[in-house]
Each structure stands twice: as C-alpha cells, then as structure tokens.
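Follow the stops in order.

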Protein chains: 2
Amino acid sequence: MNLKIYGDSISGNCLKVKWTADRLGLDYDWIETGVLNGQTRTPAFLTLNGAGQVPVVVLPDGRPLAQSNAIILHLAEGSALIPRDAYQRARMLEWLFWEQYSHEPYVAVARFQVKHLGRPVGELEPRLVERARGALARLDGAVADGGFLVGEGLSLADIALVAYSRMAGDGGLAVSDYPALAAWIGRVEQALGLGPYEA
Amino acid sequence: MNLKIYGDSISGNCLKVKWTADRLGLDYDWIETGVLNGQTRTPAFLTLNGAGQVPVVVLPDGRPLAQSNAIILHLAEGSALIPRDAYQRARMLEWLFWEQYSHEPYVAVARFQVKHLGRPVGELEPRLVERARGALARLDGAVADGGFLVGEGLSLADIALVAYSRMAGDGGLAVSDYPALAAWIGRVEQALGLGPYEA
C-alpha cells in the first residue's frame with residue numbers, strides 16, 4: 001500500500017510533506033483535505049488525528065502520524081535531508097521547533113488572515129506583524145552566508161522554513177525586504193525543483 | 001567542562017531540560033537567566049541564541065543549542081527516554097511538536113498572564129482559555145489507559161507535556177477537571193522523582 005498524505009494544497013505545512021516525499025522519491029497518494037470546508041473535523045478524520053489538523057499521513061503499514069515536522073523527520077530518516085553529525089542534527093531540530101513556535105504562528109497566520117479570510121494588510125494586529133518581521137529578519141541573518149540553514153546542504157530545516165517564508169508576501173510581508181532570505185528561498189526552490197511561488 | 005544550562009526556574013520549558021539532565025545523570029551547571037528582567041536580551045545572551053529565548057545549553061565542547069525540545073532530544077539520544085522503535089519515536093516527536101504548537105501557547109500563556117502579569121483569570125481571552133482546555137482534554141484522553149504517552153514507559157513526550165500541564169492551575173485551569181490527566185501527572189512526577197507542583 002502506498003503512503004497516504006492527507007493535506008490541503010493551500011497549507012505550507014502540508015506542502016512540506018509533499019516536497020519531502022518527492023525529494024525522497026516516495027510513491028504516495030495525496031488526499032486533498034480542506035481546512036476551510038471542515039474536512040479536518042469529520043469523525044473519520046479525527047480518528048486519524050485527534051488534533052483535527054492536516055497534514056496527516058497513513059504509513060504503508062496503516063498507522064497514522066501527524067504534525068508536519070514529525071512526519072518529515074520520520075519519512076527522511078536515514079536520508080541526506082538529515083545531517084549525520086549529532087550536533088548538526090540537533091541544530092536542524094532547533095530550527096524545526098523554532099519554525100512551529102516563532103515563525104509559523106506569525107508568518108503563516110498573517111498570510112492566512114489576508115489571503116483566506118480577506119483581512120486588509122493594514123488591519124493585521126501590530127504584534128503579529130512585528131513578530132512575523134522579526135522571524136523573517138532572523139532567518140535573513142542565518143542565511144547571509146549564501147548557504148543552507150544547517151551544514152553544507154539542503155536539510156529538513158530548509159524545507160520546513162521555506163514553506164511559509166516564500167508565501168510571506170501573501171500576508172503583506174515583502175520578501176524583497178530581506179535580500180539574503182530571498183536568495184535562500186531561490187536556492188531551496190531550485191534544490192526542490194520548484195518554480196517561484198505564485199500568490 | 002560541564003554542560004551549562006541557561007534557564008529560568010519559573011519556566012516549564014527550562015525545567016524540561018533540567019529534569020531530562022537529572023534523569024540521565026548528567027553533570028551540569030544551571031545558570032539562572034531571567035525572562036522577566038531582560039537577561040535573555042543582553043548582547044552576550046543573544047550570541048548564544050539569536051532568538052533571545054531560554055532554555056539554551058552550552059554543550060561540554062562549547063557549542064550552543066536552543067529550543068527546549070531540540071535540547072532534550074539531543075541530550076537523551078540513545079537513552080530509554082527515546083523509543084527505539086521508529087514509529088514510536090515518530091509518535092513521540094508528534095507529541096513534542098504538538099506541545100509547542102497547540103499546548104504551550106495556551107496552557108503556559110494562560111499561566112504566565114495570571115501568575116506573572118497579574119491578570120485576573122476572568123479576564124483571559126476566551127479563545128486562549130478554550131484552546132488551553134482543548135489541549136488538556138486531548139491529553140486527558142490520550143492517557144486514559146493509565147500509561148504513558150508513547151509506548152510502555154516514560155519518554156520525552158511525557159517530560160515535555162507534564163511541564164506546563166502540572167502548572168495549569170496557575171492559569172485558572174483546574175487539573176482536577178481532567179482525572180486521567182491528573183493521574184498521569186502523578187505518574188510522571190513519581191518517575192522523575194518530583195513532588196507535587198506547588199503554585
């Protein structure tokens with residue numbers, strides 16, 4: 001049985017899983033599961049993930065797994081997307097937890113409110129915008145050396161953090177304000193075989 | 001050189017690191033670093049963690065590492081706190097990411113606002129309280145079998161999730177409303193050699 005990915009194509013968290021599976025050459029079935037139309041709250045879906053969130057995967061042996069970053073860590077185990085060096089691997093995990101705590105709740109939420117809820121950029125909560133900008137600025141500094149986030153090559157840290165960074169403009173946050181970040185987004189897109197993000 | 005843990009004793013995120021180090025029998029120096037008095041924003045501290053957050057550890061070789069859950073994963077690598085089975089390990093990671101995204105931002109923030117900012121419980125944002133209760137209810141269901149969160153024994157998932165769950169009462173969320181959760185907190189405290197939490 002193929003890996004099944006339950007995901008919403010508008011969600012960067014879900015696209016992380018798709019890109020990781022593509023990069024690893026895994027066969028999978030993508031089951032489009034809408035966040036906006038209640039498909040993550042049906043009783044059947046809640047048996048897969050009691051948290052009612054996508055992405056969820058069902059592994060080839062039938063067992064479910066949730067949380068985008070836990071999923072990509074599991075899928076990529078033993079691959080070049082996870083550094084072999086223990087300290088580099090720990091730094092990659094540091095970025096993955098930071099992404100979910102200090103980047104996604106601001107950068108992705110600004111985008112969601114503007115693009116999917118129709119809120120004008122000027123009416124976003126100032127604290128949200130400030131924290132989103134802070135997250136993008138920190139990333140900009142981290143990739144100013146022209147490389148990837150951890151070690152010498154592409155890792156899960158880049159995949160996780162590029163997902164919503166490349167969509168930041170949807171929430172009124174101009175990626176072009178952060179030149180090193182913009183260049184890194186291009187490098188990661190190229191490594192993943194993606195074209196530039198189209199809003 | 002000993003492991004150095006920079007942490008604030010009021011922070012569940014920091015206590016996770018202390019408990020993990022204690023459980024593993026690691027020698028360490030605890031460097032008390034206050035969140036409320038600006039000690040995480042000094043230039044010296046920011047060179048350790050550009051995100052300006054505790055906990056941070058400096059490993060015996062002098063290299064820094066941030067993000068509580070990345071730190072405990074690194075310290076506990078190869079120990080019984082991380083399941084050997086790949087799927088169980090992935091489920092443990094699922095809980096760790098869920099904790100930072102769907103539990104800590106509500107349960108810990110409610111506590112922080114009430115205990116450290118002096119906000120009356122009745123004036124907490126209703127959405128915050130609703131999500132905090134949802135997180136505690138989900139955990140209550142997950143431990144209703146009388147065991148631990150993943151597999152047969154204590155894992156990092158229990159350590160990470162007990163940290164703020166046991167303090168939930170500080171934010172006006174009565175742990176006694178969730179009997180299975182309350183019993184699990186007792187089991188984890190016993191396993192870690194901790195007494196009951198005193199507000």
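Two residues are in contact if their C-beta atoms, placed from the backbone, lie within 7 Å. Helices (H or I, at least four residues) and strands (E, at least two) are DSSP runs, numbered from the N terminus.

This is a predicted model: local features need pLDDT of at least 70, side-chain atom pairs count only at pLDDT 80 or more, and totals for chains, interfaces and linings use all residues. Residues are numbered from 1 along each chain as its sequence is written, while chains are lettered from A and ligands numbered from 1 in the order in which they are written.

**Stop 1: two strands.** Select residues 3-7 of chain B, strand β1, and residues 28-32 of chain B, strand β2. They run parallel, joined by five bridges. (Strands pair if DSSP finds at least two bridges between them.) Find Leu3(B): its bridge partner in β2(B) is Tyr28(B).

**Stop 2: another partner.** Now select strand β3, residues 56-58 of chain B. Three bridges join β3(B) to β1(B), and the two run antiparallel. Lys4(B) has Val58(B) as its bridge partner in β3(B).

**Stop 3: a helix contact.** Which residues of α3(B) meet α6(B)? Asn69(B), Ile72(B) and Leu73(B) do, against Leu156(B), Ile159(B) and Ala160(B) in α6(B).
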